[in-house]
Amino acid sequence: MSETPSSPSPLPGAFSRDASRATDPGLAAASNRVPAHVPFPAAGNISDAEREDLRRHGILLTSMEELYNWGRSNSIWPLQFGLACCAIEMIAAATARFDIARFGAEIFRPSPRQADLMIVSGTVTKKMAPQVVRLWNQMPEPKYCIAMGACAISGGPFKQGYNVLKGIDRFIPVDIYIPGCPPRPEALLNGLIELQKKIQAEKMSGPDAARHFRADAPSEHPIPDFGEHDLDPPHNPAVWQAPAITRPGKV
Amino acid sequence: METAGQIRDRLLARFPGATISLLTNPGPAAEHSLLVDAAHGRAIALFLRDDPALQLDYCSNATGVDSPEKEIVETKKVSTPDPAGGPAKITEEKTTRTEPGYIEAVYHLYSMALRHGPVVIRMRTANRSDQVTLPSLTPVWRSCDFQEREIFDLYGIVFAGHPDLRRILMWDEFKDHPMRKDYVEPDDYEWEPTPHNEVLDRAKTHFAAPAASAPANAPAAPSTPAAP
Ligand code: SF4
């Protein structure tokens, strides 16, 4: 995070070496004020190499955001539930051989109130879908969703079945998709690592802040009703829309 | 064990008013079945279970079969003699008749005590719409419970005398019977990356809108007919 030459110096009293600015009294005055969005100097003005150097000497410099995300990403507690064969691989990922505990995610919570991560592992039937959405709504923010396996992504081998939901992303937002039928436990671990990277990159403020810092982003989604022929509605248009099919030159 | 034919003869002697027909199976297993009329179904089932020579005490499987209405075209050759004495004129006459549809419940019975089986019995509903009631055999064989509920759910046969007749796989509000041959499933896989065959035909109904906004420099596509 090295400072670029043209950016205003965040340190009060410092003045810009830019000649054109220095001669303009208005601009010089402006550059002396600390803009609100510049992070605290300790975190913002030091290069990664310098920080590594300090760390070697036993001095840890970090930011609140980094500390917060580091803690969260290494204690992702999944919700303990499985829907079909993929759940067996999820269980295997928790065993000694694959050991999801290495990533701090071994505490499978039996209550959605205590869970951070919903691993949708298996076929979501239409009869089950409202319950899955309800569990998602009961999880407190910050929360994440992994769609594990072809079924949870798209209906998988049962895509043409009348009773299978064609992907859980039709009702709740999915962060990580893990393809496979079933994905190996290593693939689930890889998905978890990808989720950790995603969490570590999340912002606490600003327009691209994480969902749980934004009042406008919903954390609950409407639960579909059991209709006479299908779920009602069959998908949540606020969350999912069918991609436009363009096949140039083809019908 | 007696053959299906022998069982049928014994049943007819025991239940003179019943209609029982033998449906032969041409396959190598020759697993023939007995079509039993619904009115005597329960009594016949009890007889099969309690008869000392059969003791069919275990119903391993109950399932449904849907037979929709069939149009049968029969061709008959009619020869009309020529009044002038020439060769008789042969014309073909086609008659069409509709065979009414029905739904069948099929039960596979075994004897645990005598280690034989299976004996297959079937019952037919009168039609596929309003007369779909058959006697439940759950009071005879407890193992029919869930399977008859499944038949009720997916085929729509109503089992009179079933202790707990509710849908078992689909939700209670569901109105259709998905295993019937005329069931129309909801069109909810509108997007498919590489559709082909029937899926392509279904996906086409969703193509129409984006096809109109296809880029102008795309090769001229044959005009897409509007989605039906
Ligand atoms: S993706 Fe394959 S393994 Fe996973 S739930 Fe579906 S069918 Fe089972």
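This report describes the core, the domains and some salt bridges of a predicted model.

## Basis

Local features need pLDDT of at least 70, side-chain atom pairs count only at pLDDT 80 or more, and totals for chains, interfaces and linings use all residues. Residues are numbered from 1 along each chain as its sequence is written, chains are lettered from A in the order in which they are written, and side-chain values use heavy atoms, without hydrogens and water.

## Core of chain B

The largest nonpolar core has 39 residues. Such a core is a set of buried Ala, Val, Leu, Ile, Met, Phe, Trp, Tyr and Cys residues joined through side-chain atoms within 4.5 Å; buried means under 20% relative accessible area, exposed over 50%, partly exposed in between (1.4 Å probe, protein chains only). Leu11(B), Leu48(B), Tyr107(B), Leu109(B) and Ile121(B) touch the most other members.

Beyond its neighbours within four places in sequence, Leu48(B) has contacts (heavy atoms within 4.5 Å) that include Ile7(B), Leu11(B) and Ile121(B).

## Domains of chain B

Domain 1 covers 4–68 + 102–174 and domain 2 covers 181–207, with bounds from an automatic or database domain assignment. Their centres, taken over C-alpha atoms, are 36 Å apart.

## Salt bridges

Over all chains there are 26 salt bridges, each a side-chain nitrogen of Lys or Arg within 4 Å of a carboxyl oxygen of Asp or Glu. Arg211(A) and Glu141(A) form one, at 2.8 Å from N to O. Arg211(A) is partly exposed at 21% relative accessible area, and Glu141(A) is partly exposed at 25%.

In chain B, Asp153(B) and Arg167(B) pair with their closest N and O atoms 2.4 Å apart. Both Asp153(B) and Arg167(B) are buried.
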